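Could you walk me through this structure, stop by stop? I have it open in my viewer and would like to know what to select next.

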Amino acid sequence: MKYKILIADDDPGIRDIFKIVLTKAGYDIEVKENASEIFENKFRIPDLFLVDKLLSGIDGLDICHYLKTNEHTSHIPVIMVSATPDIGIAAAKAGADDFVEKPFELSYLLKVIERNITRTKNEEPLKKVEDK
């Protein structure tokens, strides 16, 4: 089974690199250069979101917060990508599951993606406890 990754990045060069590397690694990729499509829910539900912090006119942290507070996507891992100092703190505050600081090795990115998909797929669903 191929896992789906949605990439939100407005830099065509970065999008191409991510798409080539992640497709070669066996992932099914959907790319969004326009963040408004995410806010309008114009995407297939992925197994993981890879979101750049700086998108044209929109802060990727706002996208992360939206995804993590949306009932349809809140359970899906969001990995923030940025060259911004202290991205880890900002990403955590926005609800991100992980972050990758630029510049990075592609092998490191693949490990972070695999770790988050594996963790999510191995988690037991929370069982509702009924009041007695």
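**Starting at a central pairing**

Select Leu-6 and look across to β3, where Phe-49 is its bridge partner. Keep in mind as you go that this is a predicted model.

Now widen the selection to both strands: β1 (residues 4–8) and β3 run parallel and are joined by four bridges.

**On to the aromatic rings**

The whole structure holds three aromatic pairs. Show Phe-18 and Phe-104 for a stacked one, with 6.2 Å from centre to centre and 20° between the planes. Phe-18 sits in helix α1 (residues 12–24) and Phe-104 in the loop between β7 (98–101) and α5 (106–122), 86 residues apart. Phe-18 is buried, at 4% relative accessibility, whereas Phe-104 is partly exposed at 22%.

For your last stop, select Phe-39 and Tyr-66. Their ring centres are 5.3 Å apart and their planes meet at 70°, so this pair is edge-to-face. Because Phe-39 belongs to helix α2 (residues 36–39) and Tyr-66 to helix α3 (residues 60–69), the pair ties together parts 27 residues apart in sequence. Phe-39 is partly exposed, with a relative accessible area of 31%.

How values were computed
Residues numbered from 1 in each chain as written. Predicted model: local features only at pLDDT ≥ 70, side-chain atom pairs only at ≥ 80, totals over all residues. Heavy atoms only, no water. Pairing = 2+ DSSP bridges. Helix = DSSP H or I, 4+ residues; strand = E, 2+ residues; numbered from the N terminus. Phe/Tyr/Trp six-rings, centres within 6.5 Å; stacked < 30°, edge-to-face > 60°. Buried < 20%, exposed > 50% of the residue type's maximum accessible area, 1.4 Å probe, protein only.
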